[in-house]
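This report describes one protein chain, going from the chain as a whole to single residues. Please keep the sequence and the 3D view at hand while reading.

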Amino acid sequence: DIDPQETAALASEIFSEWSAEPERNVPPQVPEHPPLEKDVELLIEQPFQNVLISFNWHGPSVGVDDEATYAADLFSFILSQNNSKFRKNLVDSGLLLDAGFSYYTQRHVGPIGFQGMAERGREDAARAAMETEIKRFTDPDYFSDAEMEQARLKLAVNSLYERESSVGFARTLGFWWSVSSVDYYKNYIENLGRVDRDAINRYIKKYILEAPRVTAVMKAPQNTSDSSAAGKVN
């Protein structure tokens, strides 16, 4: 609740004497992140009641494959819905205690993650189910057009909701300015609307089905009386 003219006058009075800093040396460009050359398997032994299985890929980078970043957001959001086949096949079926699929937008390789929680002793069946689910991602009926449009609408609403408060807007704007650009953020909803099923399938094939990954399994040591934590790499 401010007076615009009074505020402008105060801003001019307080900040008019400020001057720009002297030109600084431009920092060197961030080097390209090396791609994964092959699949990697990790076994982490911890005193853990259940078993955590995690598949991880190098996803699309902002400024390199922008179309895929929007497709990644949309696909991940579709899978996160309670009525998705992803949830029904893995969690509602009882194969897993919980499951999630995510993509985190970044300029230098946005990570893709697929996590599943299983009961101890059922990790083999759980991992097989997760492997099978990945192969279904590009099936024509894996998600409907209605699910895709609903996810698109919810993402757009979430983007607008973040702008309702000055604090939320500043935080969101700062994130996108540092990760990509203000234009990426300003045009996010419009570009999300251009994502179709073919774009999603291109993203899945390039960054998931045809790409190396890191597989990590965390579970308790075989000797459960051993409470020490150990990390092993296969």
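Buried means under 20% relative accessible area, exposed means over 50%, and partly exposed lies in between, with a 1.4 Å probe and protein chains only. Helices (H or I, at least four residues) and strands (E, at least two) are DSSP runs, numbered from the N terminus. The model is predicted: local features need pLDDT of at least 70, side-chain atom pairs count only at pLDDT 80 or more, and totals for chains, interfaces and linings use all residues. Residues are numbered from 1 along each chain as its sequence is written, and side-chain values use heavy atoms, with hydrogens and water left out.

**The chain as a whole**

The protein chain holds 9 helices and 6 strands. Its C-alpha trace spans about 70 × 45 × 35 Å along the principal axes. The radius of gyration, taken over C-alpha atoms, is 23 Å, whereas a compact globule of 234 residues would have a value near 17 Å; the globule rule is 2.2 Å times the number of residues to the power 0.38. Of the 234 residues, 36% count as buried.

A contact means heavy atoms within 4.5 Å. Among contacts with a separation of 6 or more, 80% come from residues 24 or more positions apart.

Which residues of α9 are buried? They are Arg197, Ala199, Ile200, Asn201, Tyr203, Ile204, Tyr207 and Ile208. An α-helix has 3.6 residues a turn, so residues three or four places apart point the same way. The cover over the buried residues of α9 includes the strands β2 (51-58), β3 (98-103) and β4 (111-118), and the helices α2 (66-80), α4 (123-136) and α5. At the N-terminal end, Asp196 caps α9, with a side-chain oxygen 3.3 Å from the backbone nitrogen of Asp198.

Arg213 sits in the loop between α9 (197-209) and β5 (214-219).

| Residue | Relative accessible area | Class |
|---|---|---|
| Arg213 | 13% | buried |
| Ala151 | 1% | buried |
| Val109 | 18% | buried |
| Asp3 | 40% | partly exposed |

Ala151 lies in helix α5 (residues 145-161). Beyond four places in sequence, Ala151 touches Leu74, Phe77 and Ile78.

Val109 is in the loop between β3 and β4. Its phi is near 70°, a positive value in a residue other than glycine. Most residues other than glycine have a negative phi.

Asp3 is placed in the segment before α1 (4-15). A polar atom of the Asp3 side chain lies 2.8 Å from the backbone nitrogen of Glu6. Between Asp3 and Thr105 the C-alpha distance is 39 Å, and 102 residues separate them in sequence.

Conventions: A polar contact is a pair of N or O atoms within 3.5 Å; within protein, one must be able to donate a hydrogen and the other to accept it, and residues adjacent in sequence count only if both atoms are side-chain atoms.
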